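Please read them with the structure open.

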Amino acid sequence: MLNYTFDWSVLWRQPYGEMMLHGIRTTITLSLAGWCLAVLVGVIVAGLRGSRNRWLRALGLAYVLVFRNIPFLVQLFFWYFAAPLILSTDARTWLYDNVPDYGYWCGVFGLGVYTASRVAEQFRSGLRSIPADQYRAAYSTGLRPNQVYRYVILPYAFRIIIPSFTTEFLTCFKNSALTMTIGVMEITHTAYYIDSFTWHGLETTTAASFCYLLIAQIIALIMWRVESRTHIAGMITRGH
Amino acid sequence: MDLNVIIDNMAYLFGGLALTFQIAALAIGFGLCWGILLGMGRLSKNRLIYYPSSAYVHFFRGIPLILVIFWIYFLLPLIIGDSLGEFVAVVVSFTLYEASYFAEIIRSGIQSVPAGQVNAGLATGLRPHQLAFHVILPQALRNMVPSLVNHAVVIFQDTSLAYVIGLREFLRRVNLVDAREARSVELYLFAGLVYFIICSLGTLASHKLERRPRTCGSNL
């Protein structure tokens, strides 16, 4: 702790303050967009894994294995550097001309398809944790298959899945930091970038850390409220 | 597709892979040691130990590893007064970060041992340390092994983040070769394949361990 003078004003002094705010906004929109894609693809993949067709099941399993066993950073680089080269020249030109923020959308896509493999597993294990008796009981009361899902299984599954989805969203939120490697100006990248002008990276990275913690805390709090609001007496969920 | 680019640079790329393994091994070793201490701290009845270790675990689990790497990279020279280079910064940040994950695995492993085991152990007249070493830990470790192996695979994947501060591990070298040869498709597919094979072996091992029968004679 020798000759270093802290200069916290770097956090609000212009233009850096504006940059930090923009970084936070980018982190939030990026992880939300990635999450939406992840849930969409994840539910489809979970459906494939539960399919009666052997080939569809294998496809679902392959998706999960491939996306979980390759580091997210490698996947991002693949989407950013390699994927456009596979396209035809026309498609590539169109892509570069018409997608102004290619790195950002690449980040959303990469984050989405990566997180989808994790969401699929959580979704599947959530559905599997519903006791078979629930299905039998629902059928024996005379409900039709779609009613069984609509009125019994899905409301049940929803409550089981919330805690694990909260965790997965927070992971997705943290993973969004990796998009800095393909040039997305989210908060981690901004913190590092400001260092190159001011040599005060320690302050900005510290502030960025607290941004992550604060936002994660807010999300956890909201989800905890959702959980307790929708709680059914007698149903075992995660203890608090 | 031109696979020559991979064959030509094979030695260089696999040199990076050796570094990747080195980082992973150090991160797992140090992280596990520090994680065991933290995990025990999380179970401590002493508030002065419990609260700081809990705060530590929550802090590091709440921020991205990539940010921790930068943070340590900026912070370390201030504490030591001199830059120790990227490798040390990476190993330190991985140790600090992954320990918080190991701590949670260890904590839940110890908690997974039924309370009846503790009572039974005490009833047979075992002393606390005998109870810990002969009754609780052998069972707890068995429960933890699959999660520990699983997390080792995660750490192996995480080592690719050392890329950001310029350490020439596997991914960085793939990136450098790509910058020179401009063969992104082949190189990144190859990188993906290498990670995929190594991590699949790890995942497979963790599944195997999970299926192995538990402690002889116990129906835990």
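1. Chain B has nine helices and zero strands. Read along the sequence, its pattern is α-α-α-α-α-α-α-α-α. Keep in mind throughout that this is a predicted model.

2. The C-alpha trace of chain B spans about 70 × 45 × 25 Å along its principal axes. Of the 220 residues in chain B, 40% are buried. Take the contacts in chain B with a separation of 6 or more: residues 24 or more positions apart account for 75% of them.

3. Chain A also comes to nine helices and zero strands. From the N terminus on, the elements of chain A run α-α-α-α-α-α-α-α-α. Its C-alpha atoms fill a box of roughly 75 × 50 × 30 Å, again along the principal axes. Buried residues make up 36% of the 240 residues in chain A. Among contacts in chain A between residues at least 6 apart in sequence, 76% join residues at least 24 apart.

4. Now the interface. In chain A, 32 residues are in contact with 30 residues of chain B. Which elements of chain A supply at least two residues each to the side that touches chain B? They are helix 2 (54–68), helix 3 (72–86), helix 8 (187–198) and helix 9 of chain A. Helix 9 of chain A gives the most, with nine residues. By residue type, the side of chain A that touches chain B divides into 24 nonpolar, seven polar and one charged.

5. On the chain B side, look at helix 3 (residues 47–62). Helix 3 of chain B has 16 residues. From first C-alpha to last, helix 3 of chain B reaches 22 Å, close to the 22 Å expected at 1.5 Å a residue. Its buried residues are S53(B), V57(B), F60(B) and G62(B). What do the buried residues of helix 3 of chain B pack against? Their partners are helix 9 of chain A together with helix 2 (10–43), helix 4 (65–80) and helix 5 (86–111) of chain B.

6. Helix 7 of chain A brings I162(A), P163(A), T166(A), F169(A), L170(A), F173(A) and K174(A). Helix 9 of chain A brings Y212(A), A216(A), I219(A), A220(A), M223(A), V226(A) and E227(A). The residues of this contact divide into eleven nonpolar, one polar and two charged.

7. Last, a glycine. G23(A) lies in helix 1 (residues 16–49) of chain A. Is G23(A) buried or exposed? It has 24 C-beta neighbours inside 10 Å. The cut-off for buried is 20 or more, so G23(A) counts as buried.

8. G23(A) and T188(A) are 165 residues apart in sequence, yet 7.6 Å apart in space, C-alpha to C-alpha. Leaving aside neighbours within four places in sequence, G23(A) is in contact with M185(A), E186(A), I187(A), H189(A) and T190(A).

Key. Residues numbered from 1 in each chain as written. Chains lettered and ligands numbered in written order. Predicted model: local features only at pLDDT ≥ 70, side-chain atom pairs only at ≥ 80, totals over all residues. Contact = placed C-beta atoms within 7 Å. Helix = DSSP H or I, 4+ residues; strand = E, 2+ residues; numbered from the N terminus. Nonpolar A, V, L, I, M, F, W, Y, C, P; charged D, E, K, R; others polar. Buried ≥ 20, exposed ≤ 12 C-beta atoms within 10 Å, placed from the backbone. Expected span 1.5 Å × (residues − 1).
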